[in-house]
Amino acid sequence: MTDLETNPPAAARANRPDTIRSFVAIGDSITEGMEDDSGPGGAYRGFADRLAEHLGSAVPDFRYANLGVRGRRMRHIFGEQLEQTVAWRPDLVTVLAGGNDVLRPGNDLDTLAEQFETGIRLLCEAGIRVVIISGHDTGWIPVLRYYRGRIAVFSMHMRAVAERTGTEIVDMWALNALTDPRAWSEDRLHLNGAGHQIVAARIADLLGVPMGPRESWTDPWSTPPQQLPAILRRRENRRWARKYGVPWLRRRLMGRSSGDGRLPRRPELDYLHDEATRAELARALELRQEGEPHYNGYAPVDGTAATSSPSGTRGPGQH
């Protein structure tokens, strides 16, 4: 039993929808789904699309929007993205914000945390179920390891905000599977398809609608990662620095972003399925016996059965 469970904040809502019928993802490049090119024709997919597909497998009229755009900062995410989300009032919103601000050393982390909490409170006051996604450990990544302390401090701010506002949080730092290079793309800045699947599965478990066994996000590989000899690691790190590290730093110094001029992939809260698929799914659900599992073959669980651990804390209305 955690302090959050025994002392629920006043902001906690007693009633949640039994079934999530609408979902909006707000954030930056990870929310956009960068480097998970498993979508149709190689399009980006990402943890948010994967989670929407899972939730929508039991809801014919499921609606989904993804407002994430690479390079977006807090002022964008808790600006136009938040305003649009509040106007829609979906059942669920995931928030991944602050990473691009934290990586700018001149930004004060305490001030950023205050801005973050203001944004989260606005979502909660709109009656939306919120899942915060905090930062990941960059200790194994050249260049980015120098920002490790700032990311850790801001992640702790996020956990404090979650407790004060009664929101749920998935802590990517505590997901050991994400310290495995096999979860990351070649640029080491973005998750690959496996990494996005780990995050999606962790959120689904926290929501009480697991995608699969717990091992799908705690221990997805049957073998340890390959360890290259030191000389090959140094050679690979130099290649990475030339191709990805230096261009990334140059954009930061010039105040530019790879997302300049880009629009969200799914800018409208619209049906996930086309009309024919919605009708087919509705017919399939009618044929099923009441209470039969349907979230891609896995049954929803009550709040006491979903995994609560350092990598994910359930809100006080969810146990």
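**Notes on the predicted model**

1. R21 forms a salt bridge with D61, the closest N and O atoms being 3.3 Å apart; a salt bridge here is a side-chain nitrogen of Lys or Arg within 4 Å of a carboxyl oxygen of Asp or Glu. R21 lies in the loop between α1 (3-6) and β1, and D61 in the loop between α3 (46-56) and β2 (63-66), so the pair ties together parts that are 40 residues apart in sequence.

2. This is a predicted model, in which local features need pLDDT of at least 70 and side-chain atom pairs count only at pLDDT 80 or more, while totals for chains, interfaces and linings use all residues. Residues are numbered from 1 along each chain as its sequence is written, and side-chain values use heavy atoms, with hydrogens and water left out.

3. A second salt bridge joins the side chains of R73 and D101, at 3.3 Å from N to O. R73 lies in the loop between β2 and α4 and D101 in helix α5, so this pair ties together parts that are 28 residues apart in sequence. R73 is buried, with a relative accessible area of 17%, and D101 is buried at 5% (buried means under 20% relative accessible area, exposed over 50%, partly exposed in between, with a 1.4 Å probe and protein chains only).

4. Helix α6 (residues 109-125) has 17 residues and spans 24 Å from its first C-alpha to its last, close to the 24 Å expected at 1.5 Å a residue, where the expected span is 1.5 Å times one less than the number of residues. Helices (H or I, at least four residues) and strands (E, at least two) are DSSP runs, numbered from the N terminus.

5. Among the buried residues of α6 are L109, L112, F116 and L123. Seen down the axis of α6, its buried residues fall within an arc of 165°, so they line one face of the helix; the arc is that of the directions from the helix axis to the C-beta atoms. The face of α6 turned away from its buried side carries the exposed residues E114 and E125.

6. R121 is partly exposed at 30% relative accessible area, whereas E117 is buried at 13%. E117, R121 and R164 are linked in a network of salt bridges.

7. In β3, five of five residues are buried: L92, T94 and L96 point one way, and V93 and V95 the other.
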